[in-house]
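Trainee: Could you take a close look at one part of this structure, the charged side chains and what surrounds them? I am new to it, so please go step by step.

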Amino acid sequence: MSRWLHQYVGFAATKRALNEALLEAAPDSNVLLACRTAITGAGTALIERAQRAGVIRADADFMDVVRMVGGIALVPTADPGQKERMLELALDGLRYRPRDRHAEP
């Protein structure tokens, strides 16, 4: 899952300009709908598989993750490594961790 999300960050950064151009040309485009459907289907399956494996939190869904990763992709930065570091921080937050029964809520 981590690899896919790292690749998605690069994709989302370039997709923004393409998406804006397509929306201007054809806001009801079947191409946009097909792309969104394919990405959502693949991402949802990936998240659900990771949840079944106990790798990520059960309370996250694909739209949570895609919005978070999309936001990271759009952060303006002169440091190319910063987006990768930010994604790693976000992925740490998605990872499943059993609650410590003795910890404060």
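Mentor: A salt bridge here is a side-chain nitrogen of Lys or Arg within 4 Å of a carboxyl oxygen of Asp or Glu. The model is predicted, so local features need pLDDT of at least 70 and side-chain atom pairs count only at pLDDT 80 or more, while totals for chains, interfaces and linings use all residues. Residues are numbered from 1 along each chain as its sequence is written, and side-chain values use heavy atoms, with hydrogens and water left out.

The search of the whole structure gives 3 salt bridges. One joins aspartate 92 to arginine 95, with N and O 2.3 Å apart. For accessibility, buried means under 20% relative accessible area, exposed over 50%, and partly exposed in between (1.4 Å probe, protein chains only). Aspartate 92 is partly exposed at 33%, and arginine 95 is also partly exposed, at 31%.

Another salt bridge links arginine 85 and aspartate 79, whose closest N and O atoms are 2.6 Å apart. Arginine 85 is partly exposed, with a relative accessible area of 45%; aspartate 79, at 32%, counts as partly exposed too. Arginine 57 and aspartate 59 also meet through their side chains, at 2.7 Å from N to O. Here aspartate 59 is exposed at 53%, whereas arginine 57 is partly exposed at 36%.

Side chains of opposite charge can pair when their charged atoms come close. Lysine 83 is a charged residue without such a partner: it is buried and has no salt bridge. With Lys and Arg counted as positive, Asp and Glu as negative, and His and the chain ends not counted, the nearest side chain of opposite charge is that of glutamate 84, 8.9 Å away.

Lysine 83 lies in helix α4, residues 80–94; helices (H or I, at least four residues) and strands (E, at least two) are DSSP runs, numbered from the N terminus. A polar atom of the lysine 83 side chain lies 3.4 Å from the backbone oxygen of valine 75. Taking contact as heavy atoms within 4.5 Å, and setting aside neighbours within four places in sequence, lysine 83 is in contact with Val9, Ile72, Ala73, Val75 and Thr77.

Leucine 87 is in helix α4 as well. Its relative accessibility is 0%, so leucine 87 counts as buried. Beyond residues up to four places away in sequence, leucine 87 touches Leu5, His6, Val9, Val69 and Ile72.

Now the setting. The chain has 4 helices and 0 strands, and from the N terminus on its elements run α-α-α-α. In helix α2, the buried residues are Leu32, Gly43, Leu46, Ile47 and Ala50. Just after α2, glycine 54 has a positive phi of about 75°.

Buried residues make up 24% of the 105 residues in the chain. Of the contacts between residues at least 6 apart in sequence, 60% join residues at least 24 apart.

Definitions and conventions
A polar contact is a pair of N or O atoms within 3.5 Å; within protein, one must be able to donate a hydrogen and the other to accept it, and residues adjacent in sequence count only if both atoms are side-chain atoms.
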